[in-house]
Amino acid sequence: MLAKVLSSAVIGIDAYIVEVEVDITHGLPAFATVGLPEGAVRESKERVKAAIKNSGYHFPADRITVNLAPANVKKEGSAFDLPMALGILTATDLLDEEIHRDYIFLGELALDGMVRPVKGALPMAITARDFGLRGIFLPRENAPEASVVDGIPIYPVDTLSQIVESLKGISPPISPARVEKENHCDLPGYDMDFQDVRGQENVKRAMEIAAAGGHNLVMIGPPGSGKTMLARRLPTILPSLSFEESLETSKIYSVMGLMPEGQGLLFQRPFRSPHHTVSDAGLIGGGQIPKPGEVSLAHNGVLFLDELPEFKKNVLEVLRQPMENGQVTISRANSSITYPANFMLVGAMNPCPCGFFGDPKRECTCSFAQVKRYRGKVSGPLMDRIDMHLEVPAVPYKDLASRMEGSSSKEILGRVVMARKMQQSRFRGARIHSNAGMNTRLIKQFCKVDEQSSSLLERAMERFGLSARAHTRILKIARTIADLENSEEIGSPHLAEAIQYRTLDRRKAE
């Protein structure tokens, strides 16, 4: 007998419908799964068999064939356990196929029939809604993230027997999950604050500009100057995610199985800090079955690369595409997958291997060749794509001992949010959220400078030998500085400050 049960799987961060077809015929006992199943899918036959028996149902001693359609796409994961079990029970006439025809079923089965959580529930719920299906049955742990999708009932289940008895009418119908909309205003606070950082007022100012415009930045300074401390506080001055940003970011975390327990959406911007031993596939994404990398997990948030020159050169070079396009494409012989990767890159590095090149109080022990080789690990084209280069000097004792507190994260955030609102109004309909995302056309439209400012920029270009890309970066930063001052016009002071944030370009000229 033949039975069909609908399920779903994920490609990239988007889901598609999978038909689980179960055919049972007389013959020697066998259980075959076809339709390009990966390891976890092939092993599901043992879990399904044990779950059906331990739930008190009959498992047929016949030839069972399970086909996962479309059969030309690889299937992975354990989410097909539940639909397989229901398909077998339907094919043996325990269930009526008409009862569950327009529903999607997801879930991994334990050997005792318990239903365990799976990855990708959020994009699967979106796909079920878009196909006009009547509902989706999934593990109770996945219900919070699926419930944020409007327009489709979400039915949380705990065991195989619970869903079978509900479909048969033996027990009451399973109640849809209660949808509780999460409020941006009720977000938990950070346990870090910019007030914790003593001194470094110039760097704090630069980070405020970076947060206001979404600019990439790199910090160069000796060990212990506070580079990592500053970077980890950057998310505290970034605006909360909008609903659209939150949904897109949450889809990535759902696919990777990284959604916080009991939470439906992410509303705080991600902060990812991979170790410098990370591989290019770990950073950019990939693998035999492509998965999102750190750049995608940092989507709409911050990617912090501490000890930047210690990363392998080929690993750093793969950052070029996502930094330019805000997405990364993983190509394989038979497919190509694009992941979103619109992030703020924050790098931290020492000025030399020993860390004290240029320090007025400690002597550098590195030779000129060692310094040149160390800095050469970060290529010029990559550094050119980083908007702001910040010098982070050692903190003097008087600043460490001072009881004076600078601006708090809350105060800085207020100024950043005001600047971002100006940008949202400016770019309405342009599909970008900050000045850093401006293309050439938008730069010409919104970054006009007067004759005096143009002359200043021309002198800087000639003296420091700036590239065309550095020129556009300076204009974007100047636009953000003007926004923080609530100015529609870019003046000479705004450009002068923006030019200061090209430290490495100035050093080359010297």
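I take a residue as buried when its relative accessible area is under 20%. The model I am reading is predicted.

**Aromatic pairs.** I searched the whole structure and found 7 aromatic pairs. I looked up Phe-31 and Phe-59: their ring centres lie 6.4 Å apart with planes at 10°, so I record the pair as stacked. The pair links distant parts of the chain, with Phe-31 in strand S3 and Phe-59 in the loop between helix H2 and strand S4, 28 residues apart. Phe-31 has 14% relative accessibility and therefore counts as buried. Phe-59, at 12%, is buried. I also noted one aromatic cluster formed by Tyr-103, Phe-105, Phe-137 and Tyr-155.

**Salt bridges.** I count 23 salt bridges. In one of them, Arg-47 pairs with Asp-81, the closest N and O atoms being 2.6 Å apart. Arg-47 belongs to helix H2 and Asp-81 to helix H3, so this bridge ties together parts 34 residues apart in sequence. I find Arg-47 buried at 16% and Asp-81 buried at 1%.

I then turned to Asp-483, which is buried at 0% relative accessibility. Asp-483 forms a salt bridge with Arg-426, with 2.7 Å between the closest N and O atoms. That pair links helix H17 to helix H20 across 57 residues. Asp-483 also meets Arg-479 in a salt bridge at 3.1 Å, N to O. Arg-479 and Asp-483 both lie in helix H20, 4 residues apart, about one turn. Arg-479 is buried, at 2%.

**Surface charge.** I located a patch of negative charge on the surface, where Asp-450, Glu-451, Glu-488 and Glu-489 gather. Glu-489 sits in the loop between helices H20 and H21 and is exposed, with a relative accessible area of 57%.

How values were computed
Residues are numbered from 1 along each chain as its sequence is written. This is a predicted model: local features need pLDDT of at least 70, side-chain atom pairs count only at pLDDT 80 or more; totals for chains, interfaces and linings use all residues. Side-chain values use heavy atoms; hydrogens and water are left out. Patches are made of residues with over 30% relative accessible area and no salt bridge: like charges are joined within 9 Å, nonpolar side chains (Val, Leu, Ile, Met, Phe, Trp, Tyr) within 5 Å. Accessible areas come from the Shrake-Rupley method with a 1.4 Å probe; for residues, only the protein chains shown count as cover. A salt bridge is a side-chain nitrogen of Lys or Arg within 4 Å of a carboxyl oxygen of Asp or Glu. Lys and Arg count as positive and Asp and Glu as negative; His and the chain ends are not counted. The place of a charge is taken as NZ of Lys, CZ of Arg, CG of Asp or CD of Glu. Helices (H or I, at least four residues) and strands (E, at least two) are DSSP runs, numbered from the N terminus. Buried means under 20% relative accessible area, exposed over 50%, partly exposed in between (1.4 Å probe, protein chains only). Rings of Phe, Tyr and Trp (its six-membered ring) pair if their centres lie within 6.5 Å; planes under 30 degrees apart count as stacked, over 60 as edge-to-face and the rest as tilted.
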